[in-house]
2 protein chains.
Amino acid sequence: MPITVTGSIAFDSVRTPFGERERMLGGTSVHFALAASFFDAVHVVGCVGEDFGEAEMDVLRRRGVDVSDIERVAGGKTFFWRGDYGWDLNSRETLDTQLGVFEGFEPKLSDASRASEVLFLGNIQPDLQRAVRAQLPHARMVALDSMNLWIDAAKDSLQAAIKEVDCVILNDAELRQLTGRPNLLSAAQEVLGWGPKAVVGKQGEYGAALVTADGFFSLPAFPLETVVDPTGAGDTFAGGFVGYLATHSEGHFSDEVLRQAMVCGTTLASFNVEEFGTERVQRLRADEIAARVAELHRLTQFSLTELPLRDQAHGDPAPLPAFNASS
Amino acid sequence: MPITVTGSIAFDSVRTPFGERERMLGGTSVHFALAASFFDAVHVVGCVGEDFGEAEMDVLRRRGVDVSDIERVAGGKTFFWRGDYGWDLNSRETLDTQLGVFEGFEPKLSDASRASEVLFLGNIQPDLQRAVRAQLPHARMVALDSMNLWIDAAKDSLQAAIKEVDCVILNDAELRQLTGRPNLLSAAQEVLGWGPKAVVGKQGEYGAALVTADGFFSLPAFPLETVVDPTGAGDTFAGGFVGYLATHSEGHFSDEVLRQAMVCGTTLASFNVEEFGTERVQRLRADEIAARVAELHRLTQFSLTELPLRDQAHGDPAPLPAFNASS
């Protein structure tokens with residue numbers, strides 16, 4: 001099923017312990033679209049300034065992404081972000097944010113973008129998310145991301161937006177903040193109570209957790225010896241996650257399908273952080289994705305075996321055959 | 001194989017968002033021994049003050065733990081710790097530490113404790129760890145824990161102690177601090193270079209990662225809606241992990257056995273945090289452990305299926321049969 005995404009398109013200037021880059025191509029829609037394009041057709045709805053060139057557009061076009069709903073605003077400047085990452089990449093400081101044309105962003109959807117059956121509402125003002133959502137009334141799967149800014153400044157709007165989507169993808173800290181519940185599982189269950197069928201809590205280098213009405217699934221991040229730049233990892237995760245779901249045209253997402261989507265999101269994100277910005281994902285190949293999925297499986301799976309548990313004090317070990325060897 | 005553990009025996013006064021307790025039974029050796037006792041015989045080497053009563057000893061005895069190497073120091077006071085946990089339990093503040101008899105602790109091992117083939121060196125001064133290690137020259141598996149205090153104050157001693165053990169179990173932040181490497185995988189590999197065959201990075205609510213020369217395994221924590229008190233979770237993890245290994249008398253620990261040990265550590269720790277101090281683990285049953293292990297398996301496993309990946313821009317989805325459906 002084709003996918004429409006709306007969210008920022010940006011130039012990012014980033015410094016990490018491994019180097020720095022000036023004005024790299026970035027933003028939610030770009031990272032999301034590159035990842036999702038491995039699974040299905042993607043339409044990007046967004047805006048850029050006159051400083052956004054054909055070279056940048058070509059990065060998306062080369063992956064088959066439809067860029068016809070990216071509005072180039074005459075005289076405008078593309079959204080710009082500058083940030084510094086700390087020693088272990090777990091903290092980052094925003095040094096500069098220039099909204100540029102993004103400040104007056106009014107998503108305009110072509111018929112093609114409106115016809116998508118899957119929609120990803122990247123992190124923008126929640127009322128804008130709702131306006132886009134309303135233009136795809138027949139979408140079979142709508143996922144939403146947000147951030148602490150909107151939880152602070154527009155919580156009611158955000159909650160209204162969440163009520164209208166199928167899946168919420170947030171950082172675990174944002175889930176806690178949004179619900180006032182300190183525990184991830186409890187916070188996710190609160191959000192499920194608002195309407196969505198699935199909540200994903202992104203946990204950065206630790207992985208991600210999926211919570212549904214009748215299930216829980218937790219997956220660690222793919223282990224890497226060197227993480228160069230985490231910028232866009234969350235959006236790349238969302239692209240892999242939503243992209244995989246889009247390939248299931250039945251529109252019903254079983255626990256098993258959602259788990260596979262978690263695996264795809266985790267795997268795509270692991271490539272994203274290996275280099276700056278979109279550098280790694282731009283040249284990513286399908287066989288590399290498949291190989292890493294298989295590796296992630298090897299690194300996280302275990303078999304159930306009989307545990308030699310002693311229940312009684314002073315007793316000899318008495319094997320407890322509470323479950324059989326199987327995986 | 002019988003297990004000997006040395007480390008603190010304590011009274012802990014703890015406040016969390018869910019309540020508080022005064023002078024509960026705690027300390028590394030206690031949490032470790034209660035968990036490990038589900039797997040094999042445990043000898044505790046430690047010291048307490050006159051304030052440590054038979055009721056406390058009985059908590060260990062009821063689980064079959066040998067307490068004959070716990071020295072009760074006349075006129076002394078048991079190690080005491082007071083701490084407050086923050087809103088989400090991820091941060092804690094130490095309000096008071098009174099070493100008491102622990103300050104002059106000189107581990108004295110009986111023949112029975114020296115005869116153990118498995119040794120856990122809980123978090124004490126690294127030279128003391130080495131002295132105990134030297135008394136079990138024929139131990140087939142020695143694991144060690146430590147803390148930031150010793151990394152700061154006795155790094156050379158700690159490194160010497162690590163060189164003499166088979167397995168290091170540390171918080172991931174401690175592994176980073178110890179090695180000066182910001183990346184967990186890279187830090188663990190550095191420590192492997194010093195001699196140990198396995199390094200476990202504990203990640204609190206996010207789980208734990210195992211790194212060996214030829215393997216990596218990552219396991220999320222068991223999801224709980226309410227975590228009441230994390231005190232002792234790491235030591236309980238170690239008790240489950242080392243305890244499981246002790247049941248493998250061949251003394252060779254395959255990747256599969258180490259993974260099972262991670263599962264046992266994770267499962268035992270999940271019970272520990274459900275209530276204050278040792279309250280939950282004191283009344284834990286083997287069948288509850290087995291059931292939760294099976295549940296942890298359900299919550300973390302996924303099957304490999306064919307991914308419908310598109311490698312070419314503009315192309316139709318071309319399924320990539322890079323691996324077959326199997327788990």
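## Exercises on a two-chain predicted model

Chain A can be laid on chain B by a turn of 180° and a shift of 0.0 Å along the axis, with an RMSD of 0.0 Å, where the copies are superposed by least squares on the C-alpha atoms of residues with pLDDT of at least 70 in both. This is a predicted model, in which local features need pLDDT of at least 70 and side-chain atom pairs count only at pLDDT 80 or more, while totals for chains, interfaces and linings use all residues. Residues are numbered from 1 along each chain as its sequence is written, and chains are lettered from A and ligands numbered from 1 in the order in which they are written.

**Exercise 1.** State how the two copies are related, and describe the side of chain A that touches chain B.

*Solution.* Start from the superposition: with a turn of 180° and a shift of 0.0 Å along the axis, the two copies are thus related as by a two-fold rotation axis. The same surface serves both copies, since 100% of the contact residues of chain A recur in chain B; two residues are in contact if their C-beta atoms, placed from the backbone, lie within 7 Å. Next, take the counts: 58 residues of chain A are in contact with 59 residues of chain B. Helix 8, strand 13, helix 10 (255-272) and helix 12 (286-300) of chain A each supply at least two residues of this side, and helix 12 of chain A gives the most, with ten residues. Helices (H or I, at least four residues) and strands (E, at least two) are DSSP runs, numbered from the N terminus.

**Exercise 2.** Find which residues of helix 8 of chain A are buried, and what they pack against.

*Solution.* A residue is buried if 20 or more other C-beta atoms lie within 10 Å of its own, exposed if 12 or fewer, and partly exposed in between, with C-beta atoms placed from the backbone. In helix 8 (residues 184-192) of chain A, the buried residues are Leu184(A), Leu185(A), Ala187(A), Ala188(A) and Val191(A). They cover an arc of only 165° around the axis, which puts them on the same side of helix 8 of chain A; the arc is that of the directions from the helix axis to the C-beta atoms. Their packing partners in chain A include helix 6 (155-163), helix 7 (172-179) and strand 11 (198-202).

**Exercise 3.** Which residues touch the most other members of the largest nonpolar core?

*Solution.* A nonpolar core is a set of buried Ala, Val, Leu, Ile, Met, Phe, Trp, Tyr and Cys residues joined through C-beta atoms within 7 Å. The largest has 205 residues, and of these Phe241(A) and Phe241(B) touch the most other members. Not counting residues up to four places away in sequence, Phe241(A) touches several residues, among them Ile169(A), Val200(A) and Met262(A).
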